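My notes follow in the order I checked them.

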Amino acid sequence: MSEPVLATHGLMKSFGALIATDNVSIDLHPGEIHAIIGPNGAGKSTLIGQISGSLASDAGRIELLGQDVTRLRTAARAQAGLGRTFQISALAMEDSVFENVLLGAVAATSGAWSLFMPVARKVALTERAMQALDRVGLAYAKDTRCADLSHGQRRQLEVAVALTLAPKAFLMDEPMAGLGAEGSRNLTGFLDGLRSEAPILLVEHDMDAVFALADRISVLVYGRVIATGTVEDIRASDAVREAYLGESA
Amino acid sequence: MIPERFINASVIAGLLAVPLWALMADEIFTITLTTRAVILALAAVGLNIALGMGGLVSFGHAVFFGIGGYAMGILAFHAQTFAPLELGPLTIEGTKSMPVIWLVATVASALTALVIGLLSLRTTGVHFIMITLAFGQLFFYFTISWSAYGGEDGLSIYVRNSFPDLNTLVPIQFLGLCFAALCLALLLQWRLRNSAFGLALNAARQTPQRVETVGLNPMRLKLLAFVISGAITGLAGALFADLNRFVSPTMFSWQLSGELIILIIIGGVGRLMGPVIGAAIFVTLEHWLGGLTDFWHIWLGVILLVIVLFGRGGVIGLLTGKEGPHV
Ligand SMILES: Nc1ncnc2c1ncn2[C@@H]1O[C@H](COP(=O)(O)OP(=O)(O)OP(=O)(O)O)[C@@H](O)[C@H]1O
Ligand SMILES: [Mg+2]
């Protein structure tokens, strides 16, 4: 079996008395979409935060491409190849859609220490940014102020910014939320192709999308992984049905 | 609504027209007033880089203004007393040369901004305001007790410092120098805003989380903005001291820090010409109302209140009908 691109070992996180992440060991292999599902408050976003570095872990280890990144700061992990999207959009709301993706392009290539050269004149950067917008189907809105975007468009922009980074692994926290049926179908098709560029750790509530996309699914309940397996395994699992799927079925 | 470009051009034209008119009408005092406005505008352009672009509400920018002022004061003092400054093994000659004084003023302010930034940028919001305020007070009380350079009474410089090929004693020539410095600072801010650095800083102000997630360090971006900002305000301090031929601890006062913030809010936070419009309004009010009543600051407060209540983008925001800061 191939080496995992990303792996966590015994990851822990508590908020006071609440254990949000309880001994989580998961991995992500090349070319795969590994979906994380679980009820509200199960600790999915917390896990994504720990992996990306925005939340410090209490214990455990995170490896990216065989390198221990547990002690690295968020920015260093991003440079090492993590591309994250946020469940609650973290976008520069006063700026245009284009400026938001341009930031990703800048960070991924030349860096932000060019002080005098107008960034809009750097063709390599603007092309990289436009390409990312094109791919998520948001190019038409490039001049729209971010604050004027719909919820679904913000989800698309989140994905576009991550694309500009050309990461080694994607961490996506509910990219489908608020997209609507057609939007979800489009994004599902897009993510399906994207996995060959870099594997995706996908937190998602949209079960149609998860069952259509996931190579593996891990089920998180009260911070603990109660099952990991293929779509068929998870559908067949009594424990999962009881703890999670049962609620919606 | 009026396009911002048009407003920017009018402001520059106005800044040129007023002294030209004053020159023809032989209104020396108007030239001095304009110089004062230009220098305050320069100080506020500096602050605007930290405040408008970086979102850093520094209530201690008088520190840099004062350091610029004392850089001028100390160097010129040693030149006029012909006694070099002894710093341990180091002997530094005083100087009356503006370019040298400006260099010292900007470098000293930049270094101070680096230290203050490193110590205070970890905090945000009210804490950042309080820490920068505290640094201002620290310098204020230090200079009050610094008897070698006049303490509370300050330091008088008898003759304005010199600039190659110019007669700086002629008011219009000194105004020209200050005006050139202001234009350069505006050009710098404009280039910064449109650069990769400006893009990232602008994002760091709005969402530091995003900036980290794409692999940049928002703290370093803000630190550099703070340093550039302090350097420009420091240069303004040196010019201000030269305008008055006098430096005193009041250059470090919190009132001055507050006035710089108010200037920017009146003009428009983050707007290229915001500090210039703010300074023009400020100096005009100070002159006209200051002659009528000792409480002219109240009217400044009223204007500020109107602007804060009716348009967050300051005067430029009101004129362009666009709230958001855009340089
Ligand atoms: N900063 C925090 N401080 C205290 N508790 C927190 C914090 N962040 C999350 N929690 C708690 O940790 C638990 C896990 O939250 P998390 O956001 O990771 O859940 P989630 O699985 O992403 O839920 P959802 O499906 O609603 O997005 C919840 O009980 C939440 O209230
Ligand atoms: Mg969540």
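**Domains of chain A.** I started with the domain assignment of chain A, which gives domain 1 (1-81 + 168-249) and domain 2 (91-166). The bounds come from an automatic or database domain assignment. This is a predicted model: local features need pLDDT of at least 70, side-chain atom pairs count only at pLDDT 80 or more, and totals for chains, interfaces and linings use all residues. Residues are numbered from 1 along each chain as its sequence is written, and chains are lettered from A and ligands numbered from 1 in the order in which they are written.

I took the centres of the two domains of chain A over C-alpha atoms and found 25 Å between them. Their contact takes 10 residues from domain 1 and nine residues from domain 2. Two residues are in contact if their C-beta atoms, placed from the backbone, lie within 7 Å. On the domain 1 side, helix H6 (residues 180-194) of chain A gives the largest share, four residues. I sorted that side by class: six nonpolar, four polar and no charged residues. Here Ala, Val, Leu, Ile, Met, Phe, Trp, Tyr, Cys and Pro count as nonpolar, Asp, Glu, Lys and Arg as charged, and the others, Gly among them, as polar. Helices (H or I, at least four residues) and strands (E, at least two) are DSSP runs, numbered from the N terminus.

**Strand S7 of chain A.** Next I looked at strand S7 (residues 82-85) of chain A. A:Leu82 and A:Arg84 point one way from it, A:Gly83 and A:Thr85 the other way, and all are buried. Buried means that 20 or more other C-beta atoms lie within 10 Å of the residue's own, exposed means 12 or fewer, and partly exposed is in between; C-beta atoms are placed from the backbone. In a regular strand the side chains alternate between the two faces of the sheet. S7(A) pairs with strand S8 (residues 169-173) of chain A in the parallel sense, over four bridges. Strands pair if DSSP finds at least two bridges between them. Opposite A:Arg84 I found A:Leu171 in S8(A).

**Ligand 1.** Which elements supply at least two residues of the shell around ligand 1? Strand S2 (18-24) and helix H1 (44-52) of chain A each do. H1(A) gives the most, three residues. The residues around the ligand include A:Phe15, A:Gly43, A:Lys44, A:Ser45, A:Thr46 and A:Gln87. A residue is near the ligand if its C-beta atom, placed from the backbone, lies within 6 Å of it. By class I noted four nonpolar, seven polar and one charged residues in the shell.

**A:Val69.** I found A:Val69 in the loop between strand S6 (67-68) and helix H2 (74-80) of chain A. Buried or partly exposed? A:Val69 counts as partly exposed because it has 19 C-beta neighbours inside 10 Å. Beyond four places in sequence, its contacts are A:Ile62, A:Glu63, A:Leu64, A:Arg77 and A:Ala80.

**Chains A and B.** The contact takes 31 residues from chain A and 22 residues from chain B. H7(B) gives the largest share of the chain B side, seven residues.

**Core.** The largest nonpolar core has 175 residues; A:Val106, B:Leu42, B:Ala71 and B:Ala200 have the most contacts inside it. Such a core is a set of buried Ala, Val, Leu, Ile, Met, Phe, Trp, Tyr and Cys residues joined through C-beta atoms within 7 Å. Both domains of chain A give residues to this core, so it lies between them.
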